[in-house]
Amino acid sequence: MDSLGDPELGMRRLQPVLDLMNEAVHRYGGVVNKAQGDGVMAMFGAPQPHEDHAVRGCLAALAMQDDVKRLHDVDLQIRVGVHTGEVVFQAIEHGIYQTYDAAGANVHLASRLEHLAEPGTILVSRETYAVAKQFVEVEALGEQAIRGLAAPVEVLRLRGLQHAPSSGVFRTGRRLSPLTGRADEFATLTAELENTRKGDGRVIGVVGEAGIGKSRLCFEFAESCRSKGIRVFEARVLAHGRATPFQPVLALLRDIFGLRIKEEPPDVSRRRVFDRLAAMPVSDHLAPVLLEFLGLADPHRPAPKLDPKARKAQLLDFVGELVRAAPRDNVTVVLIDDLHWIDPASEEFVEALADAVVGTTTMLLVNFRAGLTAPLMQRSHYRQINMAPLGPAEAQSILRDHFGTDPSLALLSRNIVERAHGNPFFLEELMSALVERGDFEGEKGAYRLKGGIDTIPLPTTVQAVVAARIDRLDEHAKRALEVASVAGREISLPVLDAVAGLAKPELLEAVGHLRRAELLYDVPPFEQRLIAFRHPLIQEVAYLSLLHERRRELHAAVAQAIEKLFKDRAEERASLLAYHWEHAGEHLKAAQQHMRAAVWVGANDPSQALRSWKKVRELLMHQPPSQMTDYLKMMACGQIVNFGWREGISAADAQVYFEEARGLALAMGDLRANTLIHAAYGRILANGGSADEYVQRVLEAKALADTGTDTSVQVTLKAILCHALRLSGRMSEALQMNMEAAARASEIVKSDRETLGFDVEIWLTAMRGQTLVMLGRGSEARPLLDRVLQLDGSQVDAIHYVIPSLAYVDLAWSEGDVGLAQHHADRAFALAVKSGNPYLRVYAQASRGLSHLVAGRITSSIEDLSAALDFARTRKAGLENEARILADLANAYRLKGDAAAALSAVNEAIAVAVKRHARIPECLARSVRADLLLRSGRGDEAEEGTKELDRATALLHETGAMIFAPFVGGAGKTVKASRSSNEANNI
């Protein structure tokens, strides 16, 4: 323009180019939302939804370059940049017309790509290529620095389109996962092929949602046919097919004639057409018409000037004749992929094909999404195969083929299966997104996680498919879906009614529309008035489409509606309310609801309670101090300590929470809270720390409580002290404290029971039975243990429900009762696995190891005890049982005859027991060591064995653990035999 001097002349020359660019955008369903001087900015996928928006953008870019070249002005060249990503899109009203605008980093990147492009070229981003790669050819240019972006961006030059049939999509060189879960559908296709072979040609429709595997099933069937020598001709309807009429018909005819338009001269292609027509009973006048239709017009033999209707009639007749003229001794399959995108002009040709296959050996196989209605579906020779989502086992099989079986992938695989909801395309795209992000090491089929994964990214490909479905909804249905996406996976209709802002008839129509579109469905029983998302990713895409401010507004509105509509059983909905208040930005309200949820769930799910208490603290970290926030933070920190020992929180980690809770309690002058916080911290110290320190902490707390008049706290601390004394090996004192606490347990108030998170009376009963077993008073213990066993397990803390079985296994060990040991070890382990509690897992697996010892299954005993030990150390849970596990393991090695392994284990057991003041495991360990030394046959070791036995005997009397008396006595017999032998040698 500058070289012309006159801006008017420059614009006159430039305007045809701008017109061509605008026309190319509109041709492929885009909008020009900005024209600036000598350039335009265009959008695809908004406001009109297109799941293939990236492909349409590439097509428009190629069309622009092609059209500009046709101007034959070498001085006029354009540059195009194409990028795919999320933008903030808004419509701007201007009275009687509307314009559009888009903003965000992705707009900037598209603009920078345009600036980077050489004149006459098109640059695309990696994100665009990832979505459009099945349809376009590119040249990689590597990573390039982009002004305004910190990291370099991978850039590719767009060279053209790929005109591959659907089978070509699956022949990209990458290894396909095995066709999974489609044996029945494949068998149906095979049976219909046999009918066709007999001259009963069929039209088969394969129907299912996007990504369900329709094209893959047809590809595998086509490959099977080819392997048997059956000819397969195919065409793929593109999503932008309505912008390019006859595209699938041309693709099919070119495949039938064997034409390679881009790879061979036109004369060669025309000769192929003439050769094929010569073998068919068709008029000579057809050839020029057909060649022109195929884009192969012969300049020396132009097609006659015909009325368009007459021309179409000739071509439709020819399509039918193609099928009817096929040899009857050869079976032919015609495959048309993605029929739901077909343009009206091409649809007539498909209908002609459907009519022509009757009584022939040709099968017409089409696939399409649910919702398509076509005349061919009414034909008597039409058969339909409906494809359902894969089951969880089938989905897991696909994941195993892709990922492998490394244990680090177990939880991730379950999450992907749940999220993909049986859709193979979604499964594979979710898997690929994680691989491309670099979350794994290894190779396909043998991956392992590098570390933890916070979120599974939503692939652009999946988002495009789902977003297009959502964007096609009317305004009321879209508004209802947006509210539903915020409300959750399941939505109460009263909540939707309260928040959507629609009149009741409008809401009913909107929900009906969403049901018919298979985006939502009713959840039985229907009287509860719940609807749910058909697929988890529908909710996710709908939610992500909302601006952040709109999300916050809706979360707050949903929370208010739930509080107003569901005042009964508020505790059950506390976690849901906490979620909504947090995402509404109301952190204090969210923390209050999380606290309510933690108190409610604590008795049944300690791990969830711990997560809720941690969330309370997290939400309040940046809140200004106040009486309410300080109280909530104190409660949260104290309860994290209280529940932490069950879930493997170390004493070092717990100290941070303890110090914070204690500081807040002192600042608030809350003596009661301070005492309970000290007691809880003492309990966590016992997990890998000193049992005596646990006792000391509880005694300090008890001393504080005894200065006041709060009997509830005083009795609660007696119960906790009973547990501390038992762990430290003071069994008689523990029993006495237990009885005192049990006698006054009714004085413990509801708030203290909620703080503990379990039924104190049941705990005391189970613990008293366990204590009596250790004291060697099994007959007194049995009624107490049986009383707990007879309770409804759903109403009892999982740990307390398992304690009787742990005690019975100890009792069975002392009595040599194999059946009793086996029964209770199996029960304990089953309950531990069901609960998922790591603390319980340690105790239950160690108990099972002990039951194997009773039955003489020494190898199994060693395996279970070793596994329990490794698990305890890995998860930092149940470490107060570490010395006992080591002592039992040493005893198992002793019985196996492996003295070296036994001595190694028993020495470690004694060291751990001494360090942690665990006297009862120390007693058992010293007895095992005494026996090993006394059996060694060496004089110095026998002397040491005698001393070890004396220590074990002293511990037996100090602890009162008479359950070990026979074992200690057995080692004593070895001592006497050793002494007699020595005396005889001295005579």
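Two strands are taken to pair if DSSP finds at least two bridges between them. Helices (H or I, at least four residues) and strands (E, at least two) are DSSP runs, numbered from the N terminus.

The model is predicted: local features need pLDDT of at least 70, side-chain atom pairs count only at pLDDT 80 or more, and totals for chains, interfaces and linings use all residues. Residues are numbered from 1 along each chain as its sequence is written, and side-chain values use heavy atoms, with hydrogens and water left out.

**View 1. Strand β8 and its antiparallel partners β7 and β6.** Strand β7 (residues 136–144) runs antiparallel to β8 and is joined to it by eight bridges. Within this pairing, Glu143 has Glu154 of β8 as its bridge partner. Strand β6 (residues 122–125) is also antiparallel to β8 (residues 153–161), with three bridges between them. Here Leu123 lies opposite Arg157 of β8.

**View 2. An open, parallel sheet of five strands.** The strand order is β10-β11-β12-β9-β13. At the edges stand β10 (231–236) and β13 (382–386), each of which pairs on one side only. From one strand to the next the twist averages 15 degrees. Strand β10 is joined to its parallel neighbour β11 (residues 332–337) by six bridges, and Glu234 stands opposite Leu335 of β11. In a regular strand the side chains alternate between the two faces of the sheet.

**View 3. The salt bridge between Glu351 and Arg379.** A salt bridge is a side-chain nitrogen of Lys or Arg within 4 Å of a carboxyl oxygen of Asp or Glu. By this rule the count comes to 60 salt bridges. The side chains of Glu351 and Arg379 form one at 3.0 Å, N to O. This pair links distant parts of the chain, 28 residues apart: Glu351 belongs to helix α12 (residues 344–356), and Arg379 to the loop between β12 (362–368) and β13.

**View 4. Packing of helix α33 against helix α34.** Helices α33 (residues 778–789) and α34 (residues 798–815) pack at about 150 degrees, with axes 9 Å apart; axes are lines fitted to C-alpha atoms, for helices over the stretch in contact, and angles run from 0 to 180 degrees between N-to-C directions. The two helices are therefore roughly antiparallel, a term for angles over 145 degrees. Contact (heavy atoms within 4.5 Å) involves, among others, Arg782, Leu785 and Leu789 of α33 and Tyr801, Tyr808 and Leu811 of α34.

Key:
Angles under 35 degrees count as roughly parallel, over 145 as roughly antiparallel, 65 to 115 as roughly perpendicular and the rest as oblique.
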